[in-house]
Amino acid sequence: MRLYADSDGETHFEDVEVEFAEGTVTSGNNPGGLSAPQPTSDSFFATYYSAFFVDSHPTPRTQWFVILSLVREFGASDREVRRVECGDVVLLNDMDSKSHTSRVIEPGNVMFVGVADD
């Protein structure tokens, strides 16, 4: 899923499919699917101890939001709300926009991965 801003600054969700090519992740003959490498700048883990709501705010940079063990809702400025949970990944790409809201429903852990500038 991608949360992005259009030319008017309105934020929207977009479903994104990742293409996989046959490959191996580990040594040996354990075939699987591999995506193209994604250039990143840095990453960090965060843990949330309680449920909370954050009013309208943009992401500070383009980043992957990887849900490890929580339930969260994101709200786009077009009023669509989507729930994400363990195993979901969101590309946050709404800098300079009308922003999005965020609600942690069940606390847990996430990983932020910065997308490298080209």
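Ring pairs join Phe-44, Phe-65, Phe-74 and Phe-112 into a cluster. Rings of Phe, Tyr and Trp (its six-membered ring) pair here if their centres lie within 6.5 Å, with planes under 30 degrees apart counted as stacked, over 60 as edge-to-face and the rest as tilted. By this rule there are four aromatic pairs. The model is predicted: local features need pLDDT of at least 70, side-chain atom pairs count only at pLDDT 80 or more, and totals for chains, interfaces and linings use all residues. Residues are numbered from 1 along each chain as its sequence is written, and side-chain values use heavy atoms, with hydrogens and water left out.

A pair of aromatic rings is described by the distance of the centres and the angle of the planes. Phe-44 and Phe-112 are stacked, at 4.9 Å centre to centre and 20° between the planes. Phe-44 belongs to strand β5 and Phe-112 to strand β12, 68 residues apart; strands (E, at least two residues) are DSSP runs, as are helices (H or I, at least four), numbered from the N terminus. Phe-44 is partly exposed at 39% relative accessible area, while Phe-112 counts as buried at 11%. Buried means under 20% relative accessible area, exposed over 50%, and partly exposed in between (1.4 Å probe, protein chains only).

The rings of Phe-65 and Phe-112 have centres 5.1 Å apart and planes at 70°, so this pair is edge-to-face. Phe-65 lies in strand β7 and Phe-112 in β12, so the pair ties together parts 47 residues apart in sequence. Phe-65 and Phe-112 are both buried.

Two strands pair if DSSP finds at least two bridges between them.

Six bridges join β12 to β5 (residues 40–47), and the two run antiparallel; Ala-46 stands opposite Val-110 in β12. β12 also pairs with β7 (residues 63–67) in the antiparallel sense, over five bridges, and here Val-110 is the bridge partner of Ile-67. β7 in turn pairs with β10 (residues 89–93), again antiparallel, over four bridges. In that pairing, Phe-65 has Val-90 in β10 as its bridge partner.
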